[in-house]
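Please open the structure in your viewer and keep the selection tool at hand. The stops below can be followed in order.

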Amino acid sequence: MDEGLRARTRRGSIGARWWSRRFIDLVESFADAGRLQRGRAYARGGNVFDLRVEAHEVTAKVRGSAPEPYEVALGIEAIDEDGWRAVEAELASRALFRARLLAGEMPPEIEWVFAELGLALFPDSASDLHLMCDCPDWGDPCKHAAAVLYLLAEAFDDDPFLILQWNGRRRDQLLGALRRATGTEPDPLEMREEPLTAEGFWTPPSGLARLRERPPAPPVPPGFVLQLAAPPPVRVRRRALADVLAPAYEALAGQDED
């Protein structure tokens, strides 16, 4: 018998990072509390195995009361190729997003990019999340699907790029597109076999890379750096340093507008 996956958290909420909590908060906003509780027990009991994240569908097997494990699939609405090209172009045009993604981080504000393009990184409602299980329970979700949802959240904790993969873009595809947009990785369509010379090295981009227009980045809100940087363990009169500095950033922003 295959060894099942076990949730790391033995009690309380499952999902530690902002993207995992965002996903679980959505699930818990519409699902039956009793089935979710049984799903957490299954997730912590090692009943789920063979969890796979593919484009637009997550599949897994869950041991229940039947001799054979149940087959579970979690589907979401697809982001098509045109949508992903628009996302990649927008992310590439914003240096901060580009740098953090290339460093393997998931910026919290990445949801804004999708929203500005009329796309959703996470399911917006219960109707956008399609839960399928071959068990006889008609609940939505059943405890087997709920267990997979919780373990999927922990998988997101370990690798936030699985969220993008579920939406139809693998990590290597996205990062490759960002590197090509910044000239740090050659576009396979534009690669030529020729010796590398000093003159060739400094030649400006040609073809589609030169013609690509990037939309201007929106103004950065006051105190944006405070939202991105890890807060130092410093307190001023029992207040976090970021809370103390926030009014100063607001005041500086007001001076720039005068």
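What follows is a tour of selections, each with a note on what is there.

**Before starting**

This is a predicted model, in which local features need pLDDT of at least 70 and side-chain atom pairs count only at pLDDT 80 or more, while totals for chains, interfaces and linings use all residues. Residues are numbered from 1 along each chain as its sequence is written, and side-chain values use heavy atoms, with hydrogens and water left out.

**Stop 1: the segment before H1, and H1**

Select Ala16, which sits in the segment before H1. Helices here are DSSP runs (H or I, at least four residues), numbered from the N terminus. Ala16 is exposed, at a relative accessible area of 64%; exposed means over 50%, buried under 20% and partly exposed in between, with a 1.4 Å probe and protein chains only. Leaving aside neighbours within four places in sequence, Ala16 is in contact (heavy atoms within 4.5 Å) with Arg21 and Asp157.

Move to Ser20, in helix H1. Is Ser20 buried or exposed? Ser20 is buried, with a relative accessible area of 0%. Not counting residues up to four places away in sequence, Ser20 touches Gly15, Ala153, Phe156 and Asp157.

**Stop 2: from H1 to H5**

Select Arg22 and Glu111, whose side chains meet in a salt bridge at 3.1 Å, N to O. A salt bridge is a side-chain nitrogen of Lys or Arg within 4 Å of a carboxyl oxygen of Asp or Glu. The pair links distant parts of the chain, since Arg22 belongs to helix H1 (residues 18-30) and Glu111 to helix H5 (residues 110-116), 89 residues apart. Arg22 is partly exposed, with a relative accessible area of 32%. The structure holds 15 salt bridges.

**Stop 3: charged side chains of H3**

Select Arg85 and Asp82, which form a salt bridge at 2.3 Å, N to O. They are three residues apart in helix H3 and therefore separated by about one helical turn. Arg85 is partly exposed at 45% relative accessibility, whereas Asp82 is exposed at 51%.

**Stop 4: H3 against H8**

Show helix H3 (residues 81-92) and helix H8 (residues 171-182), whose axes come within 9 Å and cross at roughly 50°. The axes are lines fitted to C-alpha atoms over the stretch in contact, and angles run from 0 to 180 degrees between N-to-C directions. H3 and H8 are therefore oblique to each other; angles under 35 degrees count as roughly parallel, over 145 as roughly antiparallel, 65 to 115 as roughly perpendicular and the rest as oblique.

Which residues make the contact? On H3 they are Glu88, Leu91 and Ala92, and on H8 they are Gln173, Leu174, Ala177, Leu178 and Ala181.

**Stop 5**

Finish with Asp159 and Arg171, a salt bridge at 4.0 Å, N to O. Asp159 lies in the loop between helix H6 (143-158) and helix H7 (161-166) and Arg171 in helix H8, so the pair ties together parts that are twelve residues apart in sequence. Asp159 is partly exposed at a relative accessible area of 24%, and Arg171 is partly exposed at 38%.

How values were computed
Helix = DSSP H or I, 4+ residues; strand = E, 2+ residues; numbered from the N terminus.
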